[in-house]
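Let's take them one by one.

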Amino acid sequence: MIQHVYERVRKAALVTQVVVATDDERIYTAVEEFGGTAVMTSRDHQSGTDRIAEAIMLLEAKAPGLVCDPVVNVQGDEPLIMPAMVDDVVRLMEDGRTAIGTLVKRIDAAAEVDDPNVVKAVFDEEGFALYFSRAPIPYHRDLFGAEGWKDRASALAMYKHIGIYAYRRKVLAALSALPPSKLEMKEKLEQLRALEKGLKIKIKETSYETIGVDTPLDVERVERCLSLYS
């Protein structure tokens, strides 16, 4: 799975280097065996943001003069990630107000509305995030609970967050130096640390579907999708 993600990210037009950051020797060895680049990080990190920040520090220390900016964080359990999605978050950084770039996809399945594992996002007219939550947001007071509302899920204009980020180098360093925020700890969503500090997260809608691999059932779903692609 790691190799599949690695090779898909490497196909992105705006990526110059792909590195796997891990605290697991098995993953590190697997990456080296398929010819990839990996870096070992601490086991103590509470979020992907913190792990990526350490990885960048280690990479830059090994190569004087190297400056990783912007930095893209792709989850290693997202084998359906598309190269175009990586390029999309990098392009979000062209807006000078953007501290972090990320993606969302419109929710079409009613089951995802109530699923706390599907993170929802709301954003303003310019595409900057207002909030992320595991709860259904925005809450459609006049529709939720009404008969047949689940048959109209796609009409609710709700969006789920796709866990890929682009960071400015200085923002990544600053966030990793901060303790987890109150909302971050409650929702277990690292992006809330940035919002609580007033940093702007710019969002782009994507039409691509992704499946994070958390269970054996997810593996089966991903394998079916990959067989269709091939």
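A residue is buried under 20% relative accessible area, exposed over 50% and partly exposed in between, taken with a 1.4 Å probe and protein chains only. The model is predicted, so local features need pLDDT of at least 70 and side-chain atom pairs count only at pLDDT 80 or more, while totals for chains, interfaces and linings use all residues. Residues are numbered from 1 along each chain as its sequence is written, and side-chain values use heavy atoms, with hydrogens and water left out.

Q: Why is Lys188 called exposed?
A: Its relative accessibility is 59%, and the cut-off for exposed is over 50%. Lys188 therefore counts as exposed. Its place is the loop between α7 (182–187) and α8 (191–196).

Q: What makes the phi of Lys188 worth a look?
A: Lys188 is not a glycine, and yet its phi is positive, about 60°. Most residues other than glycine have a negative phi. Ala157 also has a positive phi, about 55°, without being a glycine.

Q: Why is Ala157 called partly exposed?
A: Ala157 has 34% relative accessibility, so it counts as partly exposed. Look for Ala157 in the loop between β6 and β7.

Q: Why is Pro79 called buried?
A: At 4% relative accessibility, Pro79 falls under the cut-off and therefore counts as buried. Pro79 sits in the loop between β3 (71–74) and α4 (83–92).

Q: What makes α4 largely enclosed by the rest of the structure?
A: Eight of its ten residues are buried, so α4 is largely enclosed. Among them are Met85, Val86, Val89, Val90 and Leu92. The buried residues of α4 pack (contact means heavy atoms within 4.5 Å) against α1 (2–10), β3, β4 (100–106), β7 (159–167) and β8 (201–205).

Q: How do you know how many helices and strands the chain has?
A: Helices are DSSP runs of H or I with at least four residues, strands are runs of E with at least two, and both are numbered from the N terminus. The chain comes to nine helices and eight strands. Of its 230 residues, 45% are buried.

Q: Why are α3 and α6 called oblique to each other?
A: Helix α3 (residues 48–62) and helix α6 (residues 169–176) pack at about 120°, with axes 9 Å apart. Axes are lines fitted to C-alpha atoms, for helices over the stretch in contact, and angles run from 0 to 180 degrees between N-to-C directions. Angles under 35 degrees are roughly parallel, over 145 roughly antiparallel, 65 to 115 roughly perpendicular, and the rest oblique. The pair α3 and α6 is therefore oblique.

Q: Which residues make the contact of α3 with α6?
A: Thr49, Asp50, Ile52, Ala53, Ile56 and Glu60 in α3 meet Arg169, Leu172, Leu175 and Ser176 in α6. The residues of this contact divide into five nonpolar, two polar and three charged. Here Ala, Val, Leu, Ile, Met, Phe, Trp, Tyr, Cys and Pro count as nonpolar, Asp, Glu, Lys and Arg as charged, and the others, Gly among them, as polar.

Q: What is the omega of the cis peptide bond that joins Asp69 and Pro70?
A: Omega is about 0° for this cis bond, and Pro70 lies in the loop between α3 and β3. Another cis peptide bond joins Ile137 and Pro138, with omega about -10°. Most peptide bonds are trans.
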